[in-house]
Amino acid sequence: MAPSTAVEESVRLPDVLPVLPLKNTVLFPYIILPLSIGREASLQAVDRALTEDRLILLVAQRDPMIDQPTPAELHELGTAAMVMRMLKLPDGRIRILVQGLARARVEHFSQTQPFLQAKIRQIDEPETGSDSLALEAMVRTVKENLERVVNLGKQISPEVMILAANLEGPGRLADLAASNLELQSADAQEILSTLDPLARLDRVHRLLAREVQLLTMQQEISLQARGEMDKSQREYYLRQQLKAIQEELGEGSEMAEEIAVYRRTANEKGMTAEARQELDRQIQRLERSHPESAETAVIRTYLETLTGLPWASCSADRLDLARARRILDEDHFGLDRVKDRIIEYLAVRRLNPEKKGPILCFVGPPGVGKTSLGRSIARALGREFSRLSLGGMRDEAEIRGHRRTYVGAMPGRILQAIAAVGSSNPVFMLDEIDKVGNDFHGDPSSALLEVLDPEQNSTFHDHYLGVDYDLSPVLFITTANLLDPIQPAFLDRMEVIRLSGYTLEEKAKIARRHLIPRQLAEHGLSTKQLKFTDAAVRRIASDYTKEAGLRNLEREIAAVCRRTAVDVAEGRDERRTVTIRSIAELLGPRRHYSEELLTRDRLGVATGLAWTAAGGDLLFIEVLAVPGTGKLQLTGQLGDVMKESAQAALSFARGHCSGNGLDKSFFAENDLHIHVPAGSIPKDGPSAGITIAAAIVSVLEHRPVDRRVAMTGEITLRGDVLPIGGLKEKVLAAKAAGIRRVVLPELNRRDLLEIADDLKSGLEFHFVDTMIEALEVALN
């Protein structure tokens, strides 16, 4: 739009004018505007204006999509204009140049065919006071914003700016500014319809301020984009120069060499098709990335992890059964059941190489050799060995890895360990599986289900890796001290092998074969400088340690070695033989006293057998009847299950003794106090039931309990004896304490077959179904 530079004169319009509808255009007074006319009715309206006084009314359509608008579809307020020029085009259209004269309102349409014609009323510009400070401030602000718009890149002709600078009337200034803002049709019509000059100028001021903001933001975006583009072009140019320099020096492209290494490693490792596809995708990302960007470092780390896994690289199994048995016997004394199971596995592998490995779970007290047994199995098989401690693990991501969207993401510890050993079929030991925790990070036990399930671990999915990895060739071995904390679904996937504690003789032989030579080597001593007698080793194991395993025994042997090393280093004594007499001098006074037999048979004192995490032990039950009101008092830090066993034993004893002529007033006039010594040690479990019942019956019938009889078993109210667990540990405790006869539930007879004959020698076993049978053996 261009402004009219003619001097403003008072114009009087005729009452009737032809009407020219405009689709997306609004003409303001005193503005010159070119128009293209193509509709038939519009052509005839222009012709009528040219044949008369060249005046025509320009009115905007309410809906620009309508091709033949009716009077109702036109705005009431428009602009009367003069057709200054007309040019006919070859396609039948015409182009005209019009100049707005004044606002005019349509009173009514006098003609609709063949073109629109209306009776109009001219609207003159109202007068405004020139002494208003607010008006002067508004005019100046609009002029300044117009200049800012031009400075920000808006295309406004210099003639318009000169004219705007010389205008003082708010109405003319508002119309001039609005005609150069490229407003929407609705906004322009709103300004045209605002008759008050001050209100019109205020509306234009708001639109002009918005235009300034838009242009400012547009300029900032343009400058930023231009800066980034310049930086990219500069970097590209520099990289091309660097490439040319490297080619001249014969150094080549480092990234190209790096990518070639990744591809070569992938071919050597025998990646799966899925992994190879992901490798190619990440390499493409690496090629498009800037060498120094953070994303490139993340991609490199992932590619190194992906190509660092062994994939199809496996150790060849050594299926020589005789060799495997020899290695297992060299490394461990006893443990025949475990050794037989490994030999069975090797035999099956020899006959069927595709057979998946078992998931073994070694359960036993600390120090019995569970972890070292895994190393021996790996050596016997000729495989790599890896160990992962699960104790205290609480985060599921430790198993499945972190997703690469996180900063510092890494694969799970399973794949990390496999990558470290460089073989996809190692012997993998998961230690302390009963000590896995869980919190809001997830449950690692549930994540391990996929690892240990032979039906699922062939497609193990690590979150960081993003592709499946085959864990089925791995021989997983788990260890635990207790089975109770392990989830049932987890336990169902494993083959449980129990490792009980060692006897005193077994400890002495293991110390002689393994512990003493190892400690001598670690302390720089020879067999000539330090010797242990067999009796001394047994005394150290019995008097200075109290455990099912061997850790404390090895510590005591190490203490002797340290004392000897000091003497040898100072030149005082170069040879030492450890005997029973010298033990106290080297290790101090005796630290542990085994539960020993009573010196005589007593009323109300029965000997029981208990299982502990450190092995078996004797458990004395003391019962005393004191005057009272028939209450039962339990002391000795007993657990709920053991308290319930005492209640059941008391109920059986009352029924049993009442039938044998006991005075019925005895229970009403006396309290029974049941105490289990070593009150600082918590005790629980149902296996002390028959021992408590025997002690109560001993008091009630005044029959002492045989001190050389130990018993274990759960009791019912009917007097039935139910089976118990931990039989081997309890038998070991009985043999170590000098017990002659052991009372066991009949249903535990089958468990006794698994105990070695040398452990059972010197013991007389009595298997009972009822408490009556147990009393016949225990009471004198």
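At what angle do H17 and H19 pack, and how far apart are their axes? In this predicted model, the angle is about 45° and the axes lie 10 Å apart. On the H17 side, the contact is made by Lys507, Ala511, Leu515, Ile516, Arg518, Gln519 and Leu520. On the H19 side, Leu553, Glu554, Ile557, Ala558 and Cys561 take part. By class, the contact of H17 with H19 comprises eight nonpolar, one polar and three charged residues.

Helix H18 spans residues 534-543. Its buried residues are Ala536, Val537, Ile540, Ala541 and Asp543. These residues pack against H17 (504-522) and H19 (551-570). They also pack against helix H20 (580-587) and two strands, E15 (530-532) and E16 (576-578).

Strand E25, residues 764-768, is mostly covered. Four of its five residues are buried. E25 pairs with strand E24 (residues 741-745) in the parallel sense, over five bridges. In one of these pairings, Arg741 has Glu764 of E25 as its bridge partner.

Thr478 belongs to strand E13, which covers residues 475-480. The relative accessible area of Thr478 is 0%, so this residue counts as buried. Leaving aside residues up to four places away in sequence, Thr478 touches Leu360, Cys361, Phe362, Leu430, Ile433, Leu452 and Met494. Ile433 lies 45 residues from Thr478 along the chain, yet the C-alpha atoms of the two are separated by 6.5 Å.

Several loops carry backbone features of note. Gln113 and Pro114 are joined by a cis peptide bond, with omega at about -5°. Pro114 sits in the loop between strands E6 (94-111) and E7 (117-123).

Two residues other than glycine have positive phi values: Trp311, near 50°, and Gln637, about 55°. Trp311 is located in the loop between helices H9 (294-308) and H10 (321-331). Gln637 is located between strand E19 (632-635) and helix H21 (640-658), also in a loop. Is each residue buried or partly exposed? Trp311 has a relative accessible area of 8% and is therefore buried. Gln637, at 42%, is partly exposed.

Terms used:
Residues are numbered from 1 along each chain as its sequence is written. This is a predicted model: local features need pLDDT of at least 70, side-chain atom pairs count only at pLDDT 80 or more; totals for chains, interfaces and linings use all residues. Side-chain values use heavy atoms; hydrogens and water are left out. Buried means under 20% relative accessible area, exposed over 50%, partly exposed in between (1.4 Å probe, protein chains only). Contact means heavy atoms within 4.5 Å. Axes are lines fitted to C-alpha atoms, for helices over the stretch in contact, and angles run from 0 to 180 degrees between N-to-C directions. Ala, Val, Leu, Ile, Met, Phe, Trp, Tyr, Cys and Pro count as nonpolar, Asp, Glu, Lys and Arg as charged, and the others, Gly among them, as polar. Two strands pair if DSSP finds at least two bridges between them.
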